[in-house]
Amino acid sequence: MRGFLLPDCVHLALARLEAAGHSAYLVGGSVRDTLMGRRPHDFDLCTSATPNQVKLALAGERFLDTGLRHGTVTLLPQDGGPIEITTYRVESSYSDARHPDGVRFVQDIRFDLSRRDFTVNAMAYSPTRGLVDPFDGRRDLRAGLLRCVGVPAKRFDEDALRILRGLRLAAETGFSIEADTAAAMRRKSHTLLHLAPERVFSELNRLLLARYTGRILRQAHDVLSSVLPEIEPMAGFDQRNYHHLYDVFEHTVRVVESVPPTPALRWAALFHDAGKPSTFTLDDHGVGHFYGHPKASEALAEVRLRELCAPGELQRSVAFLVRQHDVPFGEEERQVRRRLSNWGEARCRALLALKKADCIGQGTHPDYLRWYQVTEFQLNNVLTAHQPLTVRDLCLNGYDLQFLGLSDAEIGLMQRWLLSIVLEDPSLNQVDTLRDLVIERMEEAHA
């Protein structure tokens with residue numbers, strides 16, 4: 001079949017398994033992505049051979065025994081990434097809603113495909129046998145439809161993570177979710193609470209970074225609220241404020257869609273206004289206010305990301321962005337220099353991106369966006385001119401100050417004082433000028 005340009009290591013593995021008398025196919029996402037015209041990121045194989053037979057057929061290659069109980073070994077070729085090779089199997093019941101209690105090896109690829117989650121993932125391809133598609137996955141690919149293999153509720157009872165995987169796949173591809181599959185996702189969403197938090201975070205993170213994340217957030221917020229309970233109070237919450245055209249959740253989704261697809265920005269956008277429902281007040285004119293909502297939003301983000309076992313650096317970055325998203329940045333260069341000095345370039349640029357998206361998501365005052373464009377212009381000017389931002393940028397270093405008679409404890413205090421001066425006026429960052437300032441300050445201290 002045209003379109004299947006497989007790496008040499010994959011071709012070789014398939015050919016050697018076939019030569020040893022076993023059938024073997026490419027399966028899963030690599031088949032789906034290739035049929036969609038996308039380049040696969042990894043390759044999984046399925047075969048009639050048992051793990052021991054796989055090793056015999058591919059003698060001389062390196063393997064990891066990653067899942068012998070379920071018939072899986074991982075080939076480590078010299079000229080490519082790892083390749084999972086799994087024996088055709090059918091599975092018994094799923095007591096923990098995640099892993100099968102047992103598996104039985106079979107000889108027909110169709111039985112193996114029948115246990116898979118969605119039709120677009122239940123296809124197999126062999127260079128010698130062609131495409132095997134017993135559940136019309138290729139038809140659903142053409143229709144842009146995500147549909148469960150068999151009875152949707154049964155698929156989700158077997159593995160609740162399939163609910164999140166389906167939403168994530170829809171967010172990545174733009175596929176619509178078939179009606180019965182979507183209904184089963186809602187009925188079974190409570191089972192997501194039984195999953196390992198690390199697995200939940202991994203799927204949610206990929207969903208938030210996906211191209212069509214806004215569409216899925218809107219369509220499935222009731223499903224996602226099982227693992228992100230903070231989003232449900234935002235849905236339909238009228239802000240009663242002329243600065244905002246949309247309710248809290250719609251505004252939030254628009255901000256998520258408007259920030260660059262990086263984990264810190266997407267998670268910060270999702271949580272930046274999560275504290276609004278709990279801080280809402282009405283003034284005498286019927287106008288809504290949310291005093292203290294950044295702090296409340298930060299607390300919600302910290303709790304959720306900690307419970308999801310998100311990486312520590314991500315937790316810290318999101319907390320910073322949510323906490324500062326409503327703080328004025330300043331348009332003057334001296335204000336921008338202080339922000340850069342305190343926060344660093346990466347955090348300043350991320351915060352500006354969030355602020356611009358927040359402005360876009362309001363839907364009311366597009367002219368406000370000019371403020372952040374001016375700030376970004378000033379930030380670029382400061383960085384291009386290499387203006388002093390840290391004590392390391394001062395023309396007088398610690399040795400110079402020590403030579404002037406300052407003790408170790410005094411040096412640090414003096415450097416911070418000098419930095420505060422040159423942040424206001426970078427032209428003062430000259431050796432003679434700073435030396436005169438230090439001497440003057442030392443004389444005043446002694447006097």
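**Charges, strands and salt bridges in a predicted model**

Me: Which residues gather in a patch of negative charge on the surface?
Reply: This is a predicted model. On its surface, negative charge gathers in one patch made of Asp436, Glu440, Glu443 and Glu444.

Me: Is Gly37 buried or exposed?
Reply: Gly37 is placed in the loop between helix H2 (29-35) and S2. Its C-alpha atom is separated by 9.5 Å from that of Phe4, 33 residues apart along the chain. The cut-off for exposed is over 50%. Gly37 has 66% relative accessibility, so it counts as exposed.

Me: Why is strand S2 largely enclosed by the rest of the structure?
Reply: Strand S2 spans residues 43-47. Buried means under 20% relative accessible area. S2 is largely enclosed because four of its five residues are buried.

Me: Which residue stands opposite Leu26 in S2?
Reply: Strand S1 (residues 24-27) pairs with S2 in the antiparallel sense. Four bridges make up this pairing. Opposite Leu26 stands Leu45.

Me: Which residue in S5 stands opposite Leu45?
Reply: S2 is also joined to strand S5 (residues 83-87). These two strands run parallel, with five bridges between them. Thr47 stands opposite Thr87 in S5. Leu45 stands opposite Ile85.

Me: How many residues of S5 are buried?
Reply: S5 is largely enclosed by the rest of the structure. That follows from its buried residues, which number four of the five.

Me: Through how many residues does a hairpin join S4 to S5?
Reply: Strand S4 (residues 72-76) and S5 pair in the antiparallel sense over four bridges. Leu75 stands opposite Ile83 in S5. The hairpin joins S4 to S5 through six residues.

Me: How many salt bridges does the structure hold?
Reply: One of them is formed by Arg168 and Glu203. Another is formed by Glu230 and Arg304. The structure holds 33 salt bridges.

Me: How many residues apart in sequence are the parts that Arg168 and Glu203 tie together?
Reply: Arg168 forms a salt bridge with Glu203, and their closest N and O atoms are 2.8 Å apart. Arg168 lies in helix H7 (residues 161-173) and Glu203 in helix H9 (residues 197-209), so the pair ties together parts that are 35 residues apart.

Me: At what relative accessibility does Arg168 count as buried?
Reply: The cut-off for buried is under 20%. Glu203 counts as buried at 8% relative accessibility. Arg168 counts as buried at 8%.

Me: In which helix is Arg304, the salt-bridge partner of Glu230?
Reply: The closest N and O atoms of Glu230 and Arg304 are 2.8 Å apart. Both residues are buried. Glu230 is in the loop between helix H11 (221-224) and helix H12 (248-258).

Me: What N to O distance goes with the salt bridge of Arg316 and Glu313?
Reply: Both residues lie in helix H16 (residues 312-324). They are three residues apart, about one turn of the helix. Glu313 counts as partly exposed, at 47% relative accessibility. The N to O distance of the pair is 3.3 Å.

Conventions
Residues are numbered from 1 along each chain as its sequence is written. This is a predicted model: local features need pLDDT of at least 70, side-chain atom pairs count only at pLDDT 80 or more; totals for chains, interfaces and linings use all residues. Side-chain values use heavy atoms; hydrogens and water are left out. Buried means under 20% relative accessible area, exposed over 50%, partly exposed in between (1.4 Å probe, protein chains only). Two strands pair if DSSP finds at least two bridges between them. Patches are made of residues with over 30% relative accessible area and no salt bridge: like charges are joined within 9 Å, nonpolar side chains (Val, Leu, Ile, Met, Phe, Trp, Tyr) within 5 Å. Accessible areas come from the Shrake-Rupley method with a 1.4 Å probe; for residues, only the protein chains shown count as cover. A salt bridge is a side-chain nitrogen of Lys or Arg within 4 Å of a carboxyl oxygen of Asp or Glu. Lys and Arg count as positive and Asp and Glu as negative; His and the chain ends are not counted. The place of a charge is taken as NZ of Lys, CZ of Arg, CG of Asp or CD of Glu.
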